[in-house]
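Subject: Structure for you to look at

Hello,

Here is the structure I said I would pass on. Please open it first, then read the notes below.

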Protein chains: 2
Amino acid sequence: MMTVNNITISKTTSKKEKPDQTQLGFGQYFTDHMFILDYTEGKGWHDPRIVPYQPITLEPSAMIFHYGQTVFEGMKAYLSEDGDIHLFRPEKNIQRLNRSNDRMRIPEVDETLALQAIKELVKVDADWVPSEPGTSLYIRPYIISTEPFLGVAPSKHYKFMVILSPVGAYYKEGINPVKIAVENEFVRAVKGGTGEAKTAGNYASSLKAQALVASQGYAQVMWLDGIEKKYIEEVGSMNVFFKIDGEVVTPELNGSILEGVTRNSVMELLKHWGITVTERKITVEEIFEAHKNGKLEEAFGSGTAAVISPIGTLAWDGKEIVINDSKTGEVSKKLYDTLTNIQYGKETDVFDWIVKLER
Amino acid sequence: MMTVNNITISKTTSKKEKPDQTQLGFGQYFTDHMFILDYTEGKGWHDPRIVPYQPITLEPSAMIFHYGQTVFEGMKAYLSEDGDIHLFRPEKNIQRLNRSNDRMRIPEVDETLALQAIKELVKVDADWVPSEPGTSLYIRPYIISTEPFLGVAPSKHYKFMVILSPVGAYYKEGINPVKIAVENEFVRAVKGGTGEAKTAGNYASSLKAQALVASQGYAQVMWLDGIEKKYIEEVGSMNVFFKIDGEVVTPELNGSILEGVTRNSVMELLKHWGITVTERKITVEEIFEAHKNGKLEEAFGSGTAAVISPIGTLAWDGKEIVINDSKTGEVSKKLYDTLTNIQYGKETDVFDWIVKLER
């Protein structure tokens with residue numbers, strides 16, 4: 001056992017066999033270690049530690065099983081061409097974790113410690129960062145409420161944990177447009193709800209709509225606002241952008257949209273390239289109208305998993321439009337290439353987005 | 001080990017000491033046994049069993065910790081004056097559990113088995129049903145998603161469990177009106193969301209608003225609809241009723257309101273007594289207007305925990321009204337007395353609501 005930056009590290013004595021890097025998929029394999037930090041009311045967050053990856057044992061009355069007071073984050077570590085390990089804007093994820101915590105009444109986490117924990121854990125499991133093209137090590141920080149109590153109230157005990165999962169390339173045969181269906185019945189989130197927090201309930205509520213569109217041959221749902229069912233909010237669990245008549249637009253943050261780190265990076269890059277990008281309300285009607293007038297040039301989702309996911313077909317209310325001949329648009333492609341090149345260290349990181357792990 | 005109705009029963013060898021019945025509170029103590037039923041894709045629900053109350057061990061990647069695919073129920077067992085144990089309309093809770101399952105994409109549970117499990121478990125822990133006035137044995141059935149996988153998709157593994165907690169009298173000094181504040185900023189649920197399902201996310205999202213009104217001296221939040229912020233939906237985690245000019249009204253079920261078993265029982269009783277009860281849209285403005293005109297006679301919440309909770313004060317938008325001089329109204333009192341009398345076997349169960357456990 002050793003201690004680094006106040007984090008005690010207990011290494012495993014029996015390392016697991018690594019999975020085939022060409023068959024990783026997403027979120028199926030987990031590394032040899034995990035990070036744990038406990039919270040007790042009156043004592044605060046305590047005992048940061050890296051331990052062998054192991055099951056969690058909780059009372060059946062632990063609040064996480066009943067009232068869903070929980071938040072999570074998702075980011076990736078990339079193996080660069082010269083063998084370094086890169087994190088992509090991890091501080092943004094940790095800041096968002098604390099914004100989610102505030103909405104869900106979970107005590108704030110020390111951001112310096114959280115970043116340190118992620119860095120140390122990835123270093124301990126550095127041999128798990130895969131090297132095949134497009135692969136990466138997915139990082140899942142999350143907080144669960146663990147008090148054994150059935151009252152509906154904020155928990156007095158929590159666990160902040162980080163687990164790591166080597167994941168495959170999102171696009172096995174290159175970036176590829178998908179079919180998306182606008183959802184008119186089910187709602188992901190509404191103003192005053194928890195849409196801007198990265199919390200379990202938002203994902204649980206999406207499963208039924210997702211299953212329905214999947215059965216009709218669509219890859220993902222496009223969510224509309226819960227109030228007027230007019231304004232576009234997100235696509236699946238990604239933010240969404242449209243290029244109309246040379247300009248790029250994306251739904252403005254309104255309290256029910258998750259503020260994506262990739263979303264922010266896309267906007268920075270577009271501005272850097274001199275392309276106008278505007279955050280505003282966007283109706284689905286406007287998108288169909290722009291398509292009719294030949295002005296809808298590109299549409300794409302942005303998120304940690306896919307980076308950029310072009311939308312080739314959009315269905316709404318019995319109508320279906322094909323965007324850019326269902327080909328990946330120029331801007332979509334350039335964003336995807338630039339972001340992944342920065343992540344894998346193939347292109348100069350002019351924005352200082354990469355956090356390199358010293359080994 | 002023995003088997004009853006296909007449920008294997010393994011009894012504990014070390015029974016816990018029972019808590020002081022005058023200090024039970026809510027959801028703090030748990031009995032000696034629990035029920036578990038597993039689900040595996042392809043195999044269905046299997047291995048129904050009653051085992052000693054024990055911690056649950058799950059992988060850190062178990063889906064319940066990340067995406068909140070979970071449902072629960074709440075009901076009570078009452079010790080009647082002649083020593084019988086009564087359940088109150090348990091089949092209604094089990095039917096609702098399956099409606100929640102449908103919304104959350106959790107496989108349906110066999111309702112006969114679920115009721116059998118609850119009955120057998122309560123029988124095994126029959127000595128835990130408390131006898132002090134107003135006390136009861138709270139029954140918490142719940143289902144959690146347990147597949148170790150980080151993809152956003154319905155889980156392939158679940159656990160259906162039932163745990164029991166002896167709980168104290170809700171009103172220590174008799175039924176008592178509370179102060180309630182109408183919530184204008186935060187939203188519990190919206191049409192198209194998960195409001196009509198009994199699922200964790202609805203409760204997690206309520207914590208912030210609840211904490212804010214509590215800091216202003218109010219007991220609970222009155223939730224408005226998420227779309228127009230005009231229509232009354234629920235109070236805290238109860239349904240709500242108003243008596244206006246001799247008639248009783250309650251918000252109509254609209255997809256974002258939980259269909260309470262007590263709500264249904266209140267309506268049945270009112271009809272039985274010849275009091276008109278109408279389910280319809282109710283604006284908070286209408287309630288304040290009725291108060292101004294001297295026509296708002298009573299207001300109360302209904303739920304398993306409190307049965308009936310009279311509203312003495314209602315705050316909205318800087319205004320505060322006092323209802324019925326902040327005293328428990330006649331109808332509220334009669335409903336409370338009748339429901340609790342039926343539950344504890346002090347009054348004839350004309351509706352056949354009670355399920356008596358044979359011992």
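Lys208(B) and Asp102(A) meet through their side chains in a salt bridge, 2.7 Å from N to O. A salt bridge here is a side-chain nitrogen of Lys or Arg within 4 Å of a carboxyl oxygen of Asp or Glu. Side chains of opposite charge can pair when their charged atoms come close. Across the interface of chain B and chain A the rule finds two salt bridges, and over all chains the count comes to 33.

Before going further: this is a predicted model, in which local features need pLDDT of at least 70 and side-chain atom pairs count only at pLDDT 80 or more, while totals for chains, interfaces and linings use all residues. Residues are numbered from 1 along each chain as its sequence is written, chains are lettered from A and ligands numbered from 1 in the order in which they are written, and side-chain values use heavy atoms, with hydrogens and water left out.

Chain B against chain A

The contact (heavy atoms within 4.5 Å) takes 57 residues from chain B and 57 residues from chain A. The area buried between the two chains is about 4,800 Å², and carbon and sulfur atoms give 66% of that. Buried area is the accessible area (1.4 Å probe) that two parts lose on being put together, summed over both. In chain B, the residues that lose the most area to chain A are Pro60(B), Phe65(B) and Leu207(B), together 14% of what that side buries.

The rule also finds 19 residue pairs in polar contact across this interface, both residues at pLDDT 80 or more. A polar contact is a pair of N or O atoms within 3.5 Å; within protein, one must be able to donate a hydrogen and the other to accept it, and residues adjacent in sequence count only if both atoms are side-chain atoms. The side of chain B that touches chain A divides into 32 nonpolar, 17 polar and eight charged residues. For these classes, Ala, Val, Leu, Ile, Met, Phe, Trp, Tyr, Cys and Pro count as nonpolar, Asp, Glu, Lys and Arg as charged, and the others, Gly among them, as polar.

Strand S5 (residues 56-58) of chain A and S5(B) pair in the antiparallel sense over three bridges. Strands pair if DSSP finds at least two bridges between them. Helices (H or I, at least four residues) and strands (E, at least two) are DSSP runs, numbered from the N terminus. Within this pairing, Ile56(A) stands opposite Leu58(B).

Inside chain A

Chain A is divided into domain 1 (2-167) and domain 2 (178-343), with bounds that come from an automatic or database domain assignment. Taken over C-alpha atoms, 28 Å separate the centres of the two domains. The area buried between them is about 1,800 Å², of which carbon and sulfur atoms give 56%. Phe72(A), Phe88(A) and Arg96(A) supply 33% of the area that domain 1 buries against domain 2, more than any other three residues.

Which residues meet in the salt bridge between the domains? The count there is one salt bridge, and the side chains of Arg99(A) and Glu259(A) meet in a salt bridge at 3.4 Å, N to O. The pair links distant parts of the chain, 160 residues apart: Glu259(A) is in the loop between strand S15 (247-251) and helix H5 (261-272), and Arg99(A) is in helix H1.

Regards
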